[in-house]
Amino acid sequence: MDEPQIIKTPAGGELVVLTRQDYDNILHELAEAKEDLSDIVTYDEGIAELAASKTPCLPAEVSPYLLKGHSRVSALRHWRGLSLGDMAKATAISEALLVDIEARRLTPTSEQATQLAAALEIPLVWIEP
């Protein structure tokens with residue numbers, strides 16, 4: 001950065017003269033700082049929301065399945081290490097119906113959601129979309 005030129009006005013104020021490159025660099029840094037601040041605010045709001053929530057968060061180990069595109073029910077079943085057959089036996093829901101639920105072709109009824117939550121030993125809200 002070149003040394004800026006400072007000019008005193010007749011009223012005693014100071015003007016700063018910068019190169020165009022220095023001015024553009026300052027604007028670029030300011031834009032990045034604003035973006036960083038926005039990210040920090042979003043993060044802080046999310047943390048506050050989590051702290052205020054009575055709903056337990058999904059375990060971090062479920063995230064890789066969700067990121068691969070699994071439905072929440074499928075991700076939770078994999079996380080618990082259950083096969084479709086195991087899940088069908090534990091819930092009295094047919095494997096074919098479980099496949100449709102996991103593929104998001106069907107939404108579980110409240111009774112099915114309750115059965116799934118019980119079989120997975122998780123809060124019911126984790127099953128609800």
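**View 1. Salt bridge between Lys8 and Glu14.** Lys8 is exposed at 59% relative accessibility, where exposed denotes over 50% relative accessible area, buried under 20%, and partly exposed the range in between (1.4 Å probe, protein chains only). The side chain of Lys8 forms a salt bridge with that of Glu14 at 3.4 Å, N to O; the term requires a side-chain nitrogen of Lys or Arg within 4 Å of a carboxyl oxygen of Asp or Glu. The structure holds four salt bridges. The model is predicted: local features need pLDDT of at least 70 and side-chain atom pairs pLDDT 80 or more, whereas totals for chains, interfaces and linings use all residues. Residues are numbered from 1 along each chain as its sequence is written, and side-chain values use heavy atoms, with hydrogens and water left out.

**View 2. Salt bridge between Arg20 and Asp24 in helix H1.** The side chains of Arg20 and Asp24 meet at 3.2 Å, N to O, in a salt bridge. The two residues lie four apart in helix H1, so about one helical turn separates Arg20 from Asp24. Helices are DSSP runs (H or I, at least four residues), numbered from the N terminus. Arg20 is exposed, at 59% relative accessibility, while Asp24 is partly exposed, at 31% relative accessible area.

View 3. Ile6, Val16, Leu18, Tyr23, Ile26, Leu27 and Leu30 make a nonpolar patch of about 610 Å². Such a patch joins nonpolar side chains (Val, Leu, Ile, Met, Phe, Trp, Tyr) within 5 Å, from residues with over 30% relative accessible area and no salt bridge. Accessible areas come from the Shrake-Rupley method with a 1.4 Å probe. Helix H1 (residues 20-52) gives the most to the patch, with four residues. Leu30, found in helix H1, is partly exposed, with a relative accessible area of 44%.

**View 4. Salt bridge between Asp100 and Arg105.** A salt bridge of 2.9 Å, N to O, joins the side chains of Asp100 and Arg105. Asp100 is partly exposed at 23% relative accessibility, whereas Arg105 is exposed at 54%.

**View 5. The largest nonpolar core.** This core has 17 residues, and those with the most contacts inside it include Leu76, Met87 and Leu98. A nonpolar core is a set of buried Ala, Val, Leu, Ile, Met, Phe, Trp, Tyr and Cys residues joined through side-chain atoms within 4.5 Å. Two or more residues come from each of helices H3 (72-80), H4 (84-91), H5 (95-102) and H6 (110-120); H6 supplies the largest share, five residues.

Notes:
Patches are made of residues with over 30% relative accessible area and no salt bridge: like charges are joined within 9 Å, nonpolar side chains (Val, Leu, Ile, Met, Phe, Trp, Tyr) within 5 Å.
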